[in-house]
Amino acid sequence: MKNEVKIHEVNPLLSDRRSFLKISGLTLVSTGLLLAGCSHDDNEDMPIDDTSLPGIRNGVFDLGSGDFGVLTYAYALEQLEADFYTKVVNASSFNSVFNEIERQVLTDLYHHEVIHRDFFKAALSGALPKPSTQLLPSLAFNYGSMNFNSRTEVLATAKALEDTGVAAYNGAGKLIKSADYLVLAGKIVSVEARHASAIRSLINPNSKDFAGDDVVNATTGLDVAKDPSKILAVAGGFITTPFTAKYLP
């Protein structure tokens, strides 16, 4: 039996958004994207030592490899971004530190990342053979001494996270075998790139930083792409929940 799940989700929070980021492709969560799991009988015991599947190995959760590994990797990154923006918009000085446009942008980014996180959780929960043991747990995060009441620190961290997210999806694309999953990754990375540009424009308005040479190659016109190992070395600094990615490059 083919294990699969279709996601048809519409977020009511987005039905009347006024932000200029409204055009950023949020309909990806309502397009009926298909995540197909491994072919197996309902009673078949899927071996946890199958490295293509995420799950607990030697007492620690591993992201796995192949398409499921990449999707679980993306789920981890979306958890981080959603957690960060949740803290940003709920900070005690959010309304006083940021102006109206900045608040609107940051609130939009918050909604987007929560949708991305929840989409991956729902999709993987339905597609994995044993979601109870193979779904990445809700992660815990630590931002060290970062001050969420500081405009400079918040925007600098947002810039780092968004640039990292774009590079992560770009680098993972070559690892995806399913055309459906590649379409999903493409739709999300386009949103993440808009996020990165929006944050860069808030930091340095009316400049070319929205597509700076540090992320877009001036010769090829292509954005940065990084393998999971390089991304997790950076993102892992914020994540306190132990997990491994032994089977991703």
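This talk describes the fold, the sheet, the helices and the aromatic contacts of one protein model.

The model is a predicted one, in which local features need pLDDT of at least 70 and side-chain atom pairs count only at pLDDT 80 or more, while totals for chains, interfaces and linings use all residues. Residues are numbered from 1 along each chain as its sequence is written, and side-chain values use heavy atoms, with hydrogens and water left out.

Let me begin with the overall composition. The protein has 7 helices and 5 strands. Helices here are DSSP runs of H or I with at least four residues, strands are runs of E with at least two, and both are numbered from the N terminus. Read from the N terminus, the order is β-β-β-β-α-α-α-α-α-α-α-β.

Of the 249 residues, 48% count as buried. Buried means under 20% relative accessible area, exposed means over 50%, and partly exposed lies in between, with a 1.4 Å probe and protein chains only. The accessible surface comes to about 11900 Å², and carbon and sulfur atoms account for 53% of this surface. These areas come from the Shrake-Rupley method with a 1.4 Å probe, and for residues only the protein chains shown count as cover. As for contacts (heavy atoms within 4.5 Å), among those between residues at least 6 apart in sequence, 77% join residues at least 24 apart.

I turn now to the sheet. In what order do the strands of the open sheet stand? The order is β3-β4-β5, 3 strands with mixed pairing. Because β3 (55-57) and β5 (243-244) stand at the edges with a single partner strand each, one side of each is left without a neighbour in the sheet. Two strands are taken to pair if DSSP finds at least two bridges between them. Strand β4, residues 60-62, pairs with β5 in the parallel sense over 2 bridges. In this arrangement Phe61 stands opposite Phe243 in β5.

Next, the helices. Helix α1 covers residues 66-89. Its 24 residues reach 35 Å from the first C-alpha to the last, close to the 34 Å expected at 1.5 Å a residue. The expected span is 1.5 Å times one less than the number of residues. In α1, 21 of the 24 residues are buried, so the helix is largely enclosed by the rest of the structure. Helix α3, residues 100-127, has 28 residues and reaches 41 Å between its end C-alpha atoms, close to the expected 40 Å. Asn99 caps the N-terminal end of α3, with a side-chain oxygen 3.1 Å from the backbone nitrogen of Ile101.

Which of the two counts as buried, and which as partly exposed? Asp83, at 18% relative accessibility, is buried, whereas Lys87, at 35%, is partly exposed. Their side chains are joined by a polar contact of 2.9 Å. A polar contact is a pair of N or O atoms within 3.5 Å; within protein, one must be able to donate a hydrogen and the other to accept it, and residues adjacent in sequence count only if both atoms are side-chain atoms.

Leaving aside neighbours within four places in sequence, Asp83 is in contact with Phe141 and Tyr143, and Lys87 with Tyr143 and Phe148. Lys87 and Phe148 are 61 residues apart in sequence, yet 7.3 Å apart in space, C-alpha to C-alpha.

That brings me to the aromatic rings. A pair of aromatic rings is described by the distance of the centres and the angle of the planes. Rings of Phe, Tyr and Trp (its six-membered ring) pair if their centres lie within 6.5 Å; planes under 30 degrees apart count as stacked, over 60 as edge-to-face and the rest as tilted. The whole structure holds 7 aromatic pairs. The rings of Phe119 and Phe120 have centres 5.8 Å apart and planes at 70°, so this pair is edge-to-face. Both residues, Phe119 and Phe120, are buried. The rings of Tyr143 and Phe238 have centres 5.5 Å apart and planes at 40°, so this pair is tilted. The pair links distant parts of the chain, 95 residues apart: Tyr143 in the loop between α4 (131-134) and α5 (151-172), and Phe238 in the loop between α7 (228-235) and β5. Tyr143 is buried, at 10% relative accessibility. Ring pairs join Phe84, Tyr85, Tyr143, Phe148 and Phe238 into a cluster.

Finally, helix α5 contains Asp163, which is buried at 18% relative accessible area. Not counting residues up to four places away in sequence, Asp163 touches Ala196, Arg200 and Val215.
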